[in-house]
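Here is a short briefing to read alongside the model. Have the structure open as you go through the topics.

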Amino acid sequence: MAVRRLPGGRVIVTAALNGAFVTKDVNPNVPEQPDEIAQAALDCHDAGAAIVHIHARDEQGRPCGSRARFEEILAAVRSRCPDVIVNLSTGGGTNLTIEERVSCLDADPEMASLNMGTLMRQSGPNAGEPFVNMTADIEAWAAKMKAMRIKPEMECYSQSMYRDVRNLIAKGLVEPPFYVNFVLGMKHQGAVEATPEMLTSMYQALPEGCFFNVTATGAAQLPLTTMGMVMGGAVRVGLEDNIYYRRGEPARSNAQLVERTVRLARELTLEPATPDEARAILGVVKKN
């Protein structure tokens with residue numbers, strides 16, 4: 001195994017600002033509209049995040065797959081905070097078609113998520129519906145990202161999804177350095193638990209030459225991202241994955257969660273990478 005550790009005592013922090021499922025009903029601080037998202041991106045950047053991960057929402061706060069909406073959000077973020085790396089989601093929401101999910105690529109972000117396998121939803125109103133990511137589609141989306149110089153963040157919910165990571169690498173559809181996100185704790189069939197043991201297993205099985213990022217849901221966000229920093233990985237925090245600062249206390253903002261992670265990183269003698277440092281480490285092409 002040759003896992004790539006982040007160099008130079010740096011840690012790359014991503015703030016996942018909103019997601020597809022969390023709403024203002026569960027935490028009123030979730031940013032939904034372009035101006036809210038742009039302000040949250042600026043606040044997270046100022047707190048130490050190099051990357052912001054964004055889902056589009058429509059005027060009613062529902063997941064949206066409109067290219068125009070993604071372009072509006074991207075323009076708002078870049079006008080408010082031109083330095084931060086924007087990572088748009090191709091995961092979308094349960095109401096979106098596959099074509100709508102990948103419409104964000106046409107907005108031309110610097111990064112985009114790329115889910116590496118199919119899962120079955122097991123909770124909520126969409127229980128029993130598949131979250132479909134077939135190999136042929138993964139290959140097509142990766143090829144489009146490569147042609148557009150969009151860096152893929154390969155989302156892996158279990159070790160079995162490394163098969164598609166290796167497939168993309170073998171076919172030259174992704175370029176080094178490769179970047180894999182461990183998504184731990186999703187309540188889907190086919191996803192693994194958010195535990196230290198599972199994080200260790202994902203790390204040990206990671207395909208050769210990949211940098212890794214740790215994402216964990218709910219109460220597991222804090223301990224597992226801290227563990228990920230110790231292991232030499234990047235980390236993701238934010239309201240998409242966890243709406244609480246501590247038990248029973250809703251987070252005031254995405255930036256509050258970033259600030260805590262940066263504080264812990266510095267206690268571990270790590271320094272949060274700037275956006276330009278993150279671009280250099282991950283091979284992200286600056287576009288604004």
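In which loop does Pro-177 lie? Pro-177 is in the loop between helix H5 (162-170) and strand E9 (178-184), and a cis peptide bond with omega of about -5° joins Pro-176 and Pro-177. Please keep in mind that this is a predicted model, in which local features need pLDDT of at least 70 and side-chain atom pairs count only at pLDDT 80 or more, while totals for chains, interfaces and linings use all residues. Residues are numbered from 1 along each chain as its sequence is written, and side-chain values use heavy atoms, with hydrogens and water left out. Helices (H or I, at least four residues) and strands (E, at least two) are DSSP runs, numbered from the N terminus.

**Pocket and cavities**

- Two terms come first: on a 1 Å grid over the protein atoms alone, a cavity is a set of points where a 1.4 Å probe fits but cannot get out, and a pocket is an open set with protein on both sides within 12 Å along at least five of seven lines; lining residues have an atom within 4 Å of a point.
- Grid points are joined across faces, edges and corners, and a volume is the space filled by probe spheres set on the points.
- The largest pocket holds about 1100 Å³ of space, and of its 39 lining residues, Phe-21, Val-22, Met-186, His-188 and Glu-240 lie nearest the centre.
- That pocket lining divides into twelve nonpolar, 20 polar and seven charged residues, where Ala, Val, Leu, Ile, Met, Phe, Trp, Tyr, Cys and Pro count as nonpolar, Asp, Glu, Lys and Arg as charged, and the others, Gly among them, as polar.
- There are two cavities of 30 Å³ or more, and the largest cavity has about 40 Å³ of space.
- Residues lining the largest cavity include His-55, Cys-64, Phe-70 and Leu-96, and its lining has six nonpolar, four polar and no charged residues.
- The second largest cavity, with about 30 Å³ of space, is lined by Gln-221, Leu-222, Thr-225, Val-237, Leu-257, Arg-260 and Thr-261.
- Helix H7 (221-230) and helix H8 (254-267) are the elements that give two or more residues to the lining of the second largest cavity.

**Helix H4**

- Helix H4 (residues 135-148) has 14 residues and should span 20 Å, which agrees with its end C-alpha atoms being 20 Å apart; the expected span is 1.5 Å times one less than the number of residues.
- Its buried residues (under 20% relative accessible area; exposed is over 50%, partly exposed in between, with a 1.4 Å probe and protein chains only) are Ile-138, Glu-139, Trp-141, Ala-142 and Met-145.
- Seen down the axis of H4, the buried residues fall within an arc of 170°, so they line one face of the helix; the arc is that of the directions from the helix axis to the C-beta atoms.
- Ala-136 and Ala-147 are exposed on the face of H4 turned away from its buried side.

**Cysteines**

- The count of disulfides (pairs of cysteine sulfur atoms within 2.5 Å) comes to zero.
- Cys-104 is buried at 0% relative accessibility, and its sulfur is 11 Å from the closest cysteine sulfur, in Cys-64, too far for a bond.

**Positive phi values**

- Arg-149, in the loop between H4 and strand E8 (151-156), has a positive phi of about 60° although it is not a glycine, and Arg-149 is exposed at 54% relative accessibility.
- Thr-269, in the loop between H8 and strand E15 (271-272), has a positive phi near 65°.
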